[in-house]
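Trainee: I have a model open and want to learn its terms. Can we go through them one by one?

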Amino acid sequence: MVKVFIDPGHGGTDPGAVGNGLQEKNLTLTIARLIREMLLNEFVNVEVRMSRNSDITVSLAERSTLANNWNANYFLSIHINAGGGTGFESYIHSSVPSRTRQLQQVVHPAIISEIQVTNRGQKNANFAVLRNTSMPAILTENLFIDRTSDANLLKDPSFLNRVARGHVNGIAQAFNLQRKPTPPPAGTLYKIQAGAFSDKANADRMVSRLRADGYNPYLYQEGGLWKVQVGAFSNRTNAEDLISELARKGYQAAIVL
Ligand SMILES: [Zn+2]
């Protein structure tokens, strides 16, 4: 299980940077929530905690302590830049194990490739949350709130979605997160195949055997093979029940979609 601690910068009495009608603390929370939702909805081996999930004041010490006490595997601090520049940059602490740098080398480009803005580079800084966390930690500065063109992107929900998507892609790649299986579309038929044979005589023998056992098999040719289908179900549980029944009788059947 990979434990990802997400830290939406600022909050409560500390708005962070402000500009163009935006406040950093609101943007960082929106992005953090999107990242959490994507990670939990799409991957199986991941847990997420956040330093805050509302507009409350959390000290810098609390942020790193929460992550340290939880034994997080990764600390991700989300921020919005200010000062008149443009684009994206990420920070790690200057004295960190090489693992932290390796993770930045995966996560940073994954974000850039998703949001397609000026790449300001992978940087080092002595930020408190980077210094005081005991696991690999990264802090991302996602565009400039006081730059009109950047602010216009930050006002666009689909852009914030891409910011989150970039972080998620990077974390998924860096920690080898396993995707949840996507459910088959409605109307899917679970076909039960009791064998695929290059030799039709063998397929015919399987058909005879199944008939003798009371089944009504269907023989068809596909991809150069003779395939023996024993049933088709719209409900996966029913399909699996038949496979179990066949297995008890010595057949090796499988679901084919
Ligand atoms: Zn900030």
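Trainee: How are the donor residues of the zinc ion spaced in sequence?

Mentor: The spacing is H-x13-E-x54-H. This is a predicted model, where local features need pLDDT of at least 70, side-chain atom pairs count only at pLDDT 80 or more, and totals for chains, interfaces and linings use all residues. Residues are numbered from 1 along each chain as its sequence is written, and side-chain values use heavy atoms, with hydrogens and water left out.

Trainee: What makes His10, Glu24 and His79 donors of the zinc ion?

Mentor: Donors are N, O and S atoms within 2.8 Å of the metal (3.2 Å for Na, K and Ca). His10 (NE2), Glu24 (OE) and His79 (ND1) coordinate the zinc ion at 2.1 Å. So they qualify. Water is not among the atoms, so the site may look incomplete.

Trainee: Why are His10 and Glu24 said to tie parts together?

Mentor: His10 lies in the loop between strand 1 (2-8) and strand 2 (18-19), and Glu24 in helix 1 (residues 24-42), so the pair joins parts that are 14 residues apart in sequence. Helices (H or I, at least four residues) and strands (E, at least two) are DSSP runs, numbered from the N terminus.

Trainee: Are His10 and Glu24 buried or exposed?

Mentor: Both are buried. Buried means under 20% relative accessible area, exposed over 50%, partly exposed in between (1.4 Å probe, protein chains only).

Trainee: How do you know that the span of helix 6 agrees with its length?

Mentor: The expected span is 1.5 Å times one less than the number of residues. Helix 6 (residues 157-174) has 18 residues, so it should span 26 Å; its end C-alpha atoms are 26 Å apart, which agrees.

Trainee: What follows helix 6?

Mentor: Asn176, whose phi is positive, near 55°.
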